[in-house]
Amino acid sequence: GIISMKRKNIFHSPIKYLILFILGIVIAFSIILMRGFNLVSVADGFFISGAIFLFLGILSCLNFLGAFDTFSYSFYYIKNSYSKNKENIDMYNYKQNKLIKRSKSNISFTPYLIVGLVYLIVSLVFYIVLKYNI
């Protein structure tokens, strides 16, 4: 179950972190270039990057925990009702099959959460510097 979550789901490869940091910098500097280089746009750029990664991390975590299984089962049920080979899988078995697939998958949400929080902290530092003229 959730307790026996694989270690790689939490501590993923450093390459994924590096890619996310670089992508976050690209997003932040794109926003900075569009708004003009000043402290407010730097803080906004890092905030938006952090918010995007945090949002993606939370959605991935919810998906990993099975929060969207009922929703996806409804699409499966509709698709199956129009299919020629109808396999009647009830919701309980559908959720169990999804749980088995998730336990074998490489889903990792932690890098998104950590990188998102780092960018939000950087943004907060820029806002504090801006607010108190440090």
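I began with Arg102, which touches Asn63, Phe64, Gly66, Asp69 and Ile107, leaving aside residues up to four places away in sequence. Contact here means heavy atoms within 4.5 Å.

I noted the ground rules next. The model is predicted, so local features need pLDDT of at least 70 and side-chain atom pairs pLDDT 80 or more, while totals for chains, interfaces and linings use all residues. Residues are numbered from 1 along each chain as its sequence is written, and side-chain values use heavy atoms, without hydrogens and water.

Where does Arg102 sit? I found Arg102 in helix H5 (residues 91-104). Helices are DSSP runs (H or I, at least four residues), numbered from the N terminus.

Is Arg102 buried or exposed? Arg102 counts as buried, because its relative accessibility is 10%; buried means under 20% relative accessible area with a 1.4 Å probe, protein chains only.

I then looked up its side chain. A polar atom there lies 2.9 Å from the backbone oxygen of Phe64.

Next I took helix H4 (residues 69-81) against H5. Their axes come within 10 Å and cross at roughly 115°. Axes are lines fitted to C-alpha atoms over the stretch in contact, and angles run from 0 to 180 degrees between N-to-C directions. That makes H4 roughly perpendicular to H5 (65 to 115 degrees). Among the residues making the contact are Asp69 and Tyr73 of H4 and Lys98 and Arg102 of H5.

Last, I checked helix H3 (residues 39-64) and helix H6 (residues 110-132). Their axes come within 7 Å and cross at roughly 155°. H3 and H6 are therefore roughly antiparallel (over 145 degrees).

Terms used
Helix = DSSP H or I, 4+ residues; strand = E, 2+ residues; numbered from the N terminus. Buried < 20%, exposed > 50% of the residue type's maximum accessible area, 1.4 Å probe, protein only. Polar contact = N/O pair within 3.5 Å; in protein donor to acceptor, adjacent residues only side chain to side chain. Parallel < 35°, antiparallel > 145°, perpendicular 65-115°, else oblique.
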